[in-house]
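Colleague: I would like to go through this model with you. Show me the structure, then take my questions one by one.

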Amino acid sequence: MKKRNPFIKGALHGIPIGLGYLSVSFGFGILAVKSGLSVLEATLISLFNLTSAGQAAGVGVMVAGGTLAEMALVQLTINIRYALMALSLSQKLDQRFTLPKRMLAAYGITDEIFGVCAAQEELLVPSYMYGMILIATFGWVLGTFLGAFAGALLPAAITAALGILLYGMFIAIIIPPAKKDKSILMVIVLAAALSVACKYLIHVLSSGFAVIICAVAASVAAALLFPRKEAETE
């Protein structure tokens, strides 16, 4: 049996991811336009950033007139997990992955792409990851463009309803693990409570630093209240 081309295999594995991104990024496109960005600006953000939570938080920082330092810290706090994912995948890379090829592949590491790559039994080759990243990125950018274009044309009542797509994705991500693990639920509740406190009680705090404080405080509290037990060795 002829072995499938790695690029084609990666592209096929990227189709479900791209289709999911298409619907979710539609909501980001609407959110970006409603926040005052143009269709082109929203599309370029998705092309060069490729992180749903980071993009949504970044738009919030821009709308609030935040500083570059705030933007950098917000993106670092939200997206630091991608660096950890990249380190994990580095153990599965084929020797054909030179440094430039690793840097190119790092651009497209998202939660979903990491999950699919980590599930592969064989070593990852550059063309496989490139195929998956290409399709997934295309879906994300296209969805953003369509959402931004629709947001610029549709009435406010309709765009307001469609704008919850992005937040729906975040809720869909946290609900299943929260139902299984009470510690995760407690962290979510704590982060939400801190966010509300920052919004209504600490008026001098900008939205960018509020995100950083809530994320770090909730993470520290989780580490102290629910420490992970080290795996027992035989």
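Modeller: A term ahead of the helix pairs: axes are lines fitted to C-alpha atoms, for helices over the stretch in contact, and angles run from 0 to 180 degrees between N-to-C directions. This is a predicted model, where local features need pLDDT of at least 70, side-chain atom pairs count only at pLDDT 80 or more, and totals for chains, interfaces and linings use all residues. Residues are numbered from 1 along each chain as its sequence is written, and side-chain values use heavy atoms, with hydrogens and water left out.

Colleague: At what angle do helix H5 and helix H7 pack?

Modeller: Helices (H or I, at least four residues) and strands (E, at least two) are DSSP runs, numbered from the N terminus. H5 covers residues 99-107 and H7 covers residues 126-153. Their axes are 9 Å apart, and the packing angle is about 30°.

Colleague: Is H5 roughly parallel or roughly antiparallel to H7?

Modeller: Angles under 35 degrees count as roughly parallel, over 145 as roughly antiparallel, 65 to 115 as roughly perpendicular and the rest as oblique. H5 and H7 pack at about 30°. That makes the pair roughly parallel.

Colleague: Which residues of H5 and H7 make the contact?

Modeller: Contact means heavy atoms within 4.5 Å. H5 brings Lys101, Leu104, Ala105 and Tyr107. From H7 come Pro126, Met129, Tyr130, Ile133 and Thr137.

Colleague: How many residues of each class are in the contact of H5 with H7?

Modeller: Ala, Val, Leu, Ile, Met, Phe, Trp, Tyr, Cys and Pro count as nonpolar, Asp, Glu, Lys and Arg as charged, and the others, Gly among them, as polar. The contact of H5 with H7 then divides into seven nonpolar, one polar and one charged.

Colleague: Is the crossing of H3 and H4 left-handed or right-handed?

Modeller: Helix H3 (residues 52-63) and helix H4 (residues 68-89) pack at about 160°, with axes 10 Å apart. They are therefore roughly antiparallel. A crossing is left-handed if the near helix is turned anticlockwise from the far one by less than a right angle, and right-handed if clockwise. For H3 and H4 the crossing is right-handed.

Colleague: Which residues of H3 and H4 make their contact, and how do they divide by class?

Modeller: H3 supplies Ala53, Gly54, Ala57, Gly58, Val61 and Met62. H4 supplies Glu70, Met71, Val74, Gln75, Ile78 and Asn79. The classes are seven nonpolar, four polar and one charged.

Colleague: How are H4 and H6 oriented, roughly parallel or roughly antiparallel?

Modeller: The axes of H4 and helix H6 (residues 111-118) come within 11 Å and cross at roughly 15°. The crossing is left-handed. H4 and H6 are therefore roughly parallel.

Colleague: Which residues of H4 and H6 are in contact?

Modeller: On H4 they are Arg81, Tyr82, Met85, Ser88 and Leu89. On H6 they are Asp111, Phe114, Cys117 and Ala118.

Colleague: Is Ser46 buried or exposed?

Modeller: Buried means under 20% relative accessible area, exposed over 50%, partly exposed in between (1.4 Å probe, protein chains only). Ser46 sits in helix H2. Beyond its neighbours within four places in sequence, Ser46 contacts Phe28, Gln55, Trp140, Val141 and Thr144. At 0% relative accessibility, Ser46 is buried.

Colleague: What does Trp140 touch, not counting residues up to four places away in sequence?

Modeller: Trp140 lies in H7 and is buried, at 3% relative accessible area. Its C-alpha atom is 5.2 Å from that of Leu22, 118 residues apart along the chain. Trp140 touches Tyr21, Val24, Ser25, Ser46, Leu50, Ser52 and Gln55.

Colleague: What is phi of Leu50?

Modeller: Leu50 lies in the loop between helix H2 (39-49) and H3. Leu50 is buried, with a relative accessible area of 6%. The phi value is positive, in a residue other than glycine: near 55°.

Colleague: How many helices does the protein have?

Modeller: Buried residues are 35% of the 234 residues. Of the contacts with a separation of 6 or more, 78% are between residues 24 or more positions apart. There are zero strands, and the helices number 11.
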